[in-house]
Amino acid sequence: MEDLFQVGVITQTHGIRGEVKVFPTTDDAARFEDLKQVLLDTGKGTLTLEIENVRYFKQFVILKFKGYDNINDIERYKRCPLLVERSAAVPLEEDEYYIADMIGMQVVTDQGEDFGVLKDVMETGANDVYVIAHKTAGEVLVPAIKDCILEVDIPGRKMKIHVMDGLI
């Protein structure tokens, strides 16, 4: 299971005082107000950044990090992901899962047949849609509804589905 979850990506600097514009990749952008720190993935390692200020601009979150008071201090981190540890992740409700824990799990049918591997989760308005790499049909889109998703075993890395008529 993943220990770090991405909550956003620095898109660009904002002003000259070290603020950055962040595209949130979390369900709730307001969660940045509760975070005291984030981990910056530099590509060569991680750097712990303490959040000093949070505000919003359109679909972006504007963050100011403690100790970064100039555009030149922060500019090199454009396009870098911001991560949080699992312990700082949003708590899950019943029948909710972290997408990072689901990617790559084996998918089997309720008949016990191997169906494929979960490759991606598309978040739509009504319900999520699972993108499953099927051995012969290519990518198959399965709605994340109780009629289709029968069981999700995160520790066992397995999902059991019911293949509805017309799905393949």
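The paragraphs below lead through the charged side chains of this structure, from its salt bridges to a patch on its surface.

The model is predicted, so local features are described only where pLDDT is at least 70 and side-chain atom pairs only at pLDDT 80 or more, while totals for chains, interfaces and linings use all residues. Residues are numbered from 1 along each chain as its sequence is written, and side-chain values use heavy atoms, with hydrogens and water left out.

A salt bridge here is a side-chain nitrogen of Lys or Arg within 4 Å of a carboxyl oxygen of Asp or Glu, and by this rule the structure holds 7 salt bridges. One of them joins aspartate 69 to lysine 64, whose closest N and O atoms are 2.6 Å apart. Lysine 64 is buried, with a relative accessible area of 9%, where buried means under 20%, exposed over 50%, and partly exposed in between (1.4 Å probe, protein chains only). Glu52, Lys64 and Asp69 are linked in a network of salt bridges.

Another salt bridge pairs aspartate 95 with lysine 146, with 3.0 Å between the closest N and O atoms. Aspartate 95 lies in the loop between E6 and H2, and lysine 146 in the loop between strand E10 (138–143) and strand E11 (149–153), so the pair ties together parts that are 51 residues apart in sequence. These labels follow DSSP runs numbered from the N terminus, with helices (H or I) of at least four residues and strands (E) of at least two. Aspartate 95 is partly exposed at 48% relative accessible area, whereas lysine 146 is exposed at 64%.

How is glutamate 19 placed, buried or exposed? Glutamate 19, in strand E2 (residues 19–24), is buried, with a relative accessible area of 13%. Its side chain makes a polar contact with the side chain of arginine 55 at 2.8 Å; such a contact is a pair of N or O atoms within 3.5 Å, and within protein one must be able to donate a hydrogen and the other to accept it, while residues adjacent in sequence count only if both atoms are side-chain atoms.

Glutamate 93 sits in the loop between strand E6 (81–85) and helix H2 (99–102), and it is exposed, with a relative accessible area of 57%. Together with Asp27, Asp28, Glu33, Asp34, Glu96 and Glu123, Glu93 forms a negative surface patch. Patches are made of residues with over 30% relative accessible area and no salt bridge, like charges being joined within 9 Å and nonpolar side chains (Val, Leu, Ile, Met, Phe, Trp, Tyr) within 5 Å.

Methods
Areas by Shrake-Rupley, 256 points an atom, 1.4 Å probe, with all protein chains shown as cover. Lys, Arg positive; Asp, Glu negative; His and termini not counted. Charge placed at Lys NZ, Arg CZ, Asp CG, Glu CD.
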